[in-house]
Amino acid sequence: MGDIDGLEPGARVVVAMSGGVDSSVVAAVMAAQGFEVVGVTLQLYDHGNATGRKGACCAGQDIHDARQVAERLGIAHYVLDFEERFRRAVIDDFADTYAAGRTPIPCVRCNQRVKFRDLLDIARDLGAAALATGHYARRIEGASGVELHRGADPARDQSYFLFATTQQQLDFLRFPLGSLVKDETRAVAARYGLPVAEKPDSQDICFVPHGDHARTVAALRPDAAQPGEIVDVGGKPLGRHEGIARFTVGQRRKLGVSASERLYVVGIDAGRHRIMVGPRRAALCGEAWLADMNWLDAEAPPAAGLAVEVQHRYNEPPTAAHVEPAGDGRMKVRFATPQVGVAPGQACVVYAGARLLGGGWIDRAPLLQAPDEEAGAA
Ligand SMILES: Nc1ncnc2c1ncn2[C@@H]1O[C@H](COP(=O)(O)OP(=O)(O)OP(=O)(O)O)[C@@H](O)[C@H]1O
């Protein structure tokens, strides 16, 4: 297992332990290699709040699992109450983004605002030489600094969620699972007799029970759950919906309208609680404007018109594109092939092969065929 390079033998390392199999394996392997491992688990949310019992239900189980793994390994382990910070930095942003008709990615916000900021500071305060996580991404020492690369397991690669990582954070981080595939991780867990070796993979968004994100948003921002109209690109009503938070641009399932051809969400008008749908040709987008761009190689922002590959959604394959400054602080991406599902709020991440160069938040993604004015654009 690679990627613990640059650390002195026996150095103190903080491992971010979620209670899942991945970070448990990181802790086990680093402890076995002689590092002084300090496990830290963040209490991020608590579905047991309603019962008044702290740590009840899922979050509590994960903390319990992390504690058991730490005991088994004989390492120090701390649980930190981050609920308030996580709510402010991640959950509120998640709800606000949906309420604005956009599609959030809470995992990036969590890495950016919680794990790689507050937790990283705590690791430094604890005198650690590094903060290690169970992310599937590779960190490679390059000629001009540390580079971030896709994880070796294409089905697990999490580099997309790490696009907002700064060079300074990357210097301190370690991703020891980056060169493994998940089956290997589970085999290592079994070899070390970790109680979580068979634990199922965690759900998509840790703080959303049963994957029902619309319900979570509705509880926080009732406005996003207001019913509204579903219209075609000409503004003609086709049906009704139960809240804009149930939709993302590019969505084609569970639209609740029947049509002779397959329909996609092409726009979400939060002000009018309106979802606009259209056939594939109406859903195509040739360009996107990215805000809050983060380049990992700060010395070398790309030349105008840099030819790269971009990924505009986690589950989307990368696609050829040109990236250039838009002149207003944003970056403009021109897709070589028009794309469907370029959703404001998602990240558009720029790669050169397996190397992650940077990324930004999709701010605006105009459709190739502008819809009628009255229908309301994305
Ligand atoms: N509550 C938490 N406390 C501390 N670290 C965490 C927590 N949640 C996640 N992490 C860290 O962030 C990494 C990536 O988080 P993610 O939610 O994607 O986990 P995962 O891929 O399901 O991994 P795992 O099997 O370790 O849960 C984890 O491997 C772990 O190092």
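Two strands count as paired if DSSP finds at least two bridges between them. Helices (H or I, at least four residues) and strands (E, at least two) are DSSP runs, numbered from the N terminus. The structure is a predicted model, in which local features need pLDDT of at least 70, side-chain atom pairs count only at pLDDT 80 or more, and totals for chains, interfaces and linings use all residues. Residues are numbered from 1 along each chain as its sequence is written.

**Paired strands**

In strand S15 (residues 331–340), Phe-335 is the bridge partner of Ala-321. That bridge belongs to the pairing of S15 with strand S14 (residues 319–325), which is antiparallel and has five bridges. S14 and S15 make a hairpin with five residues between them, and Gly-327 in the turn has a positive phi of about 90°. S15 also runs antiparallel to strand S12 (residues 284–295), joined by six bridges; here Cys-285 has Gln-339 of S15 as its bridge partner.

Elsewhere, four strands form an open sheet of mixed pairing, in the order S9-S8-S11-S10. Strand S9 (237–241) and strand S10 (264–269) each have a single partner strand, so one side of each has no neighbour in the sheet. From one strand to the next the twist averages 30°, where axes are lines fitted to C-alpha atoms (for helices over the stretch in contact) and angles run from 0 to 180 degrees between N-to-C directions. Within this sheet, strand S8 (residues 228–232) and strand S11 (residues 274–278) are parallel over three bridges, and Ile-230 has Ile-275 of S11 as its bridge partner.

| Pair | Sense | Bridges |
|---|---|---|
| S12 and S15 | antiparallel | six bridges |
| S14 and S15 | antiparallel | five bridges |
| S8 and S11 | parallel | three bridges |

Helix H1 (residues 21–32) has twelve residues and reaches 16 Å from its first C-alpha to its last, close to the 16 Å expected at 1.5 Å a residue; the expected span is 1.5 Å times one less than the number of residues. Ten of the twelve residues of H1 are buried. A residue is buried if 20 or more other C-beta atoms, placed from the backbone, lie within 10 Å of its own, exposed if 12 or fewer, and partly exposed in between. Among the buried residues of H1 are Asp-22, Ser-23 and Met-30. Just after H1, Gly-34 takes a positive phi of about 95°.

The ligand is surrounded by 16 residues, the closest being Ala-16, Gly-20, Asp-22, Ser-23 and Gly-134; a residue is near a molecule if its C-beta atom, placed from the backbone, lies within 6 Å of it. H1 gives the largest share of this shell, three residues, and strand S2 (36–43) supplies at least two. By type the shell has six nonpolar, eight polar and two charged residues. Ala, Val, Leu, Ile, Met, Phe, Trp, Tyr, Cys and Pro count as nonpolar, Asp, Glu, Lys and Arg as charged, and the others, Gly among them, as polar.

**Annotated positions**

An unreviewed UniProt entry lists Cys-110 and Cys-206 under "active site". Cys-110 lies in helix H4 (residues 106–125) and counts as buried, because it has 25 C-beta neighbours inside 10 Å.

Methods:
UniProt positions are given in the numbering used here, feature names are shortened, and annotations may be inferred rather than shown by experiment.
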